[in-house]
Amino acid sequence: MKKLNTFKLPFLLIASVMLLVGCTEPHILERISLATLIGYDLTGEDELTTTAVMRQINPDLESKTLIQSTTSSTSKGGRKKIELATSKEITTGQLRVVLFGEELAKYGLDYRLRTIMMSSEISNAIYLAMVEGDLKSFLESDYKDIPNLGQHIFQLIEHNIEQQNAVSSTVHEISRDDFSRVASYALPILKKEKDDIKISGIALFHKGKIVGTLSAKDAFYIQMVRDNSDNGTMELNLPITTLGDHSLSSSKYLSVALDSIRSKRRITVVDQTLPEFNLTIHLDCRLYEIISNVNIDEAEIIQKLEKEINKKLESEIKRVIQYSQEVNSDIFRFGEYYEAQVRNANMDVEKWSEMYPEMKVNVTVKAKILRDGVFQ
Amino acid sequence: MKKALQVNPTQMFNAPLLLFIICAAQIGVGVHGFQSFIYEHAKKDAWISIIISFLAAHIIVFIIFKILQLYDSNDIYGINLDLFGKYFGNFVNLALITYCGLAYFVIIKNYREVINTWVFPDLSPAFITAILLIIVIYAFTGGLRVIIGICFFSFFLSLFIPIILLFPIEYSRINYLLPILDSDFISILKGAYYMTFTIVGFEIIGTLYPFVKEKKKAQKYVHFALFLTLMFYLFIMFITSTFFSGEQLERTIWATLSLLSIIRLPFLERVEIITICFWMIIILPNLCLYAWSAYRGFIRIIDITEKKFILIFSLLIFIAAFPLQTRIQIEKFNNFFGSVAFYLIFVYPLFLYFIALIKKKMFRKKGGKG
C-alpha cells in the first residue's frame, strides 16, 4: 500500500481522470439517423445524385424512415448536403445496401467502389446492386407494404443470395473481381413492380461499365460455374419426348423441379493458346416435382431423366457463357483459372479482354437424382 | 574476463515461460497489415517468403544462443562491453538501446494510427499515446515478473483471433495461390526481407537470458515459440492471399482488419472494431519488453532507478510522437525501422559471433603461452 501511495497513485489518478475527460464524440441513438441504404445515380454531366434512406429512432419507440436526396460531385459532399436537411446527425455504420442507378452504371462504377472501400466506417460485407431506370424515383415512390425500405431491400438481396437465386455482390467480392486484372463482376438488378420491389436480373460489367444483362433465372447457372453450391433449386423444361408418351399431352414441355442441389465444378485448361477449358459439373439433386403421371421408380426412367437434365443444363450453361463472351465480361473468372494453371501467364486486362471472347469451353454436366419424395 | 551478471534468484523465471514471452514479443502491430508488403514483392508465393524469414530467424536464434553460451550468465549488453571495451562497447549498447526505443515508438505510432483510422477518427493522437504510456509505466514498475505475467495472459487471451479468422474462409479462392513458385527467387527473398518488421521480437532473448533459471532448456523453448508464430503468420497469410485478389491486396493497408470486417456475427456487427481495441493487450507485452530491454542496457551506462528511467523514456517517446502525423510519414518510418532492425537483428549477431570466436581463440593462445 505504501508503494502505491508514493508512486503509482498519482499515475492511476491521472489515468482515470484522462479516461473520464478525454472521450471521443458520443453517438446517442436517439440523436442520430442511421443510413441503412444509399443510392448513387448520375444526373446531367458529372453531377452525382445521392439518395439516402435513413432510419431514426424516436424516444417514443416508433422508428421512422426518411428519404433524402441531393446532388453534388462527391459522395461526401452529397452527405453534407443531406445533413443540412435532416434534424439528426447521419451515421453510416449501419449501412447495408448501396444501390447504383442505370445511368451511373453506364458511366462507370470505379470511383464509387473506391470510395466505399476507402471508408473504414462502411463494412466490407454490405451488398451492392443496380436499379433499373431512375434511382431517385425508385427509392422515393411510395411502397405501401414496406415500412422500412433499407432493411427490406437488404433482406431481399440477402436471402436470395443465400438461396442462390442471385449472384453474391458484397463490396468485398465486387472489388476483388474489379481489381483482379482478369475477371469482371455482376450485380443483381432491382426493379419496381407496382407496389413491390423484385430482383429482375443480373447486370454484367466490363471495366466498371455495364455491358449486358441476363435474366434472374440464369443466376443459378452462373453460381454453378462460379462456385460449388450446396443448396440450390431450379426448374427445367425438358423435351416432351423424354419419357415417351407417358407425359401429359397438353403441355409442350416436360417440366421438372430439382432441389437440394449439391454441385461441384472443376475447371481445367486444356489448350493454353486458344484458350480452351474443360468445365465439368457434378450435380447431386432431389427430384422435387415432375409434371407427368409416369411412375418414376424405375431405374431406366431415372436414367433417361438424368440424361435429358444433363443435356438441358449443358446447353443453358453454354448459352450463358456465350453471352458473357459476346459482351466480354468474364463473370465466371475463367481468367483466374488460366492464371493459376498456366505458368508465367503475365496476364493483364487488355490481354485477357482479347482472349476471353475467343475462349472455348467444353461443358459436361453429370447430374444424379439421389431421391424423390416420400410417395412414388 | 567473464564476469557474470548478478541476478537475484527471486527475479528469475522458468524456461518454459520463454514460449509465451517470445510469442507475445513477436506478435504485435505488424500483424495488422504485413501481408500487402510481402505480396507486393513475392506475389502468390508470399507464404514461401514467410517460411524463409522464419528459417533465418531460427538460425539467428541459434547463433545468439551460441554467443550467450560463451559466457556463463551475461546479456548482450555485457557481452558487447566485454568484446569491444568500455567506449566502443557502450556505443554499440547505445545503438541497441536506441533500437529498443525505436521499436517501442513504432509500435505506439502504428497502433495509434489504426485506432484513429478505424475506431475513433476524432480522438486526439496525443491522448492515445499518453494512455498507452501510462499503462506501460504501470506494468513496467511491477518488474520483470509482472511483464512476464502480461506476456502469459496476452498469449492466451489472443487465441480467439485464429478462430475468428476461420469465418472469411467462405470467400477463399484457392486459385490465388497457384501456381506455386511463379515468382522468381529474388522477389521471394525481397518478400522475406519485408517480413523483418513483423518478425522481430525474438531478439529479446539476448537480454532475458541471464534471468532464465534452466539455461540449458531455454533454447528449445525459443525455437518452439518461433515455430508457433510461424504457424500463426502462415495461417493468416494463406487466408489473406486466398481472400483478396492481387491488386486489391496490394492496395489494402491493413489486410487483417479488412479481412475481419466481412464477418457479421448475430450479436456483433463489426468484429474488427473489438479486435482493434483488444489489440492493446497484444501490444502491451511488446512495449513492456522493449522498455525493459532498453532499461537493462541503460543501467550499464548510467546507474538509474527503474522509475526514473521509465519516466524519462516515456516522456521522450511522448515528445517524439508529435512530428510524425501522416500515414505516409508513418509508412516511411516503418520502412526505416525495418531496415535498422534487419541490420541489428539479422546481421549484427553474425558479426558478433565471429568477433567472440576470434577473441576466445586469442585468449586461449595467450593463456597457453603464459
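This is a predicted model: local features need pLDDT of at least 70, side-chain atom pairs count only at pLDDT 80 or more; totals for chains, interfaces and linings use all residues.
**Rings, a sheet and its helices**

The charged end of Lys215(B) sits over the ring of Tyr209(B), at 5.9 Å from the ring centre.

Over all chains, the count of aromatic pairs comes to 43. One of them is formed by Phe20(B) and Phe155(B), whose centres are 5.0 Å apart and whose planes stand at 65° to each other, an edge-to-face arrangement. Phe20(B) belongs to helix α1 (residues 17-26) of chain B and Phe155(B) to helix α6 (residues 144-157) of chain B, so this pair ties together parts that are 135 residues apart in sequence. Phe20(B) counts as buried because its relative accessibility, 13%, is under 20%. Phe155(B), at 17% relative accessibility, is likewise counted as buried.

Phe342(B) is partly exposed, with a relative accessible area of 24%, whereas Phe346(B) is buried, with a value of 10%. Aromatic residues of chain B also gather in a group: Tyr104(B), Phe140(B), Tyr295(B), Phe298(B), Phe309(B) and Phe313(B) form one aromatic cluster.

Attention now turns to a sheet in chain A. This is an open sheet of four strands with mixed pairing, and the strands follow the order β10-β11-β12-β13. At its edges stand β10 (229-239) and β13 (360-371) of chain A, each of which pairs on one side only. On average, neighbouring strands of the sheet are turned by 35° against each other, direction ignored.

The sheet may be followed strand by strand. Strand β10(A) pairs with β11 (residues 253-271) of chain A in the antiparallel sense, over eight bridges; within this pairing, Gly232(A) has Ile261(A) in β11(A) as its bridge partner. The pairing of β11(A) with β12(A) is also antiparallel and extends over 13 bridges. A hairpin of four residues joins these two strands, β11(A) and β12(A), and Arg265(A) has Ile281(A) in β12(A) as its bridge partner. Strands β12(A) and β13(A), by contrast, run parallel and are joined by 11 bridges. Asn278(A) stands opposite Asn362(A) in β13(A).

Two helices of chain A pack on strands of this kind. Helix α9 (residues 299-326) of chain A has 28 residues and reaches 40 Å from its first C-alpha to its last, close to the 40 Å expected at 1.5 Å a residue. After α9(A) comes Asn328(A), whose phi is positive, near 60°. Strands β10(A) and β11(A), antiparallel over eight bridges, are among those that α9(A) touches as it packs on the sheet; it also touches β12 (276-290) and β13 of chain A, and its direction makes about 145° with that of β13(A). Helix α10 (residues 334-341) of chain A packs on the sheet as well, touching β11, β12 and β13 of chain A, and the direction of α10(A) makes about 35° with that of β11(A).

Technical notes: Residues are numbered from 1 along each chain as its sequence is written. Chains are lettered from A and ligands numbered from 1 in the order in which they are written. Side-chain values use heavy atoms; hydrogens and water are left out. Rings of Phe, Tyr and Trp (its six-membered ring) pair if their centres lie within 6.5 Å; planes under 30 degrees apart count as stacked, over 60 as edge-to-face and the rest as tilted. Buried means under 20% relative accessible area, exposed over 50%, partly exposed in between (1.4 Å probe, protein chains only). A charge sits over a ring if NZ of Lys or CZ of Arg is within 6 Å of the ring centre and within 35 degrees of the ring normal. The expected span of a helix is 1.5 Å times one less than its number of residues. Two strands pair if DSSP finds at least two bridges between them. Axes are lines fitted to C-alpha atoms, for helices over the stretch in contact, and angles run from 0 to 180 degrees between N-to-C directions. Contact means heavy atoms within 4.5 Å.
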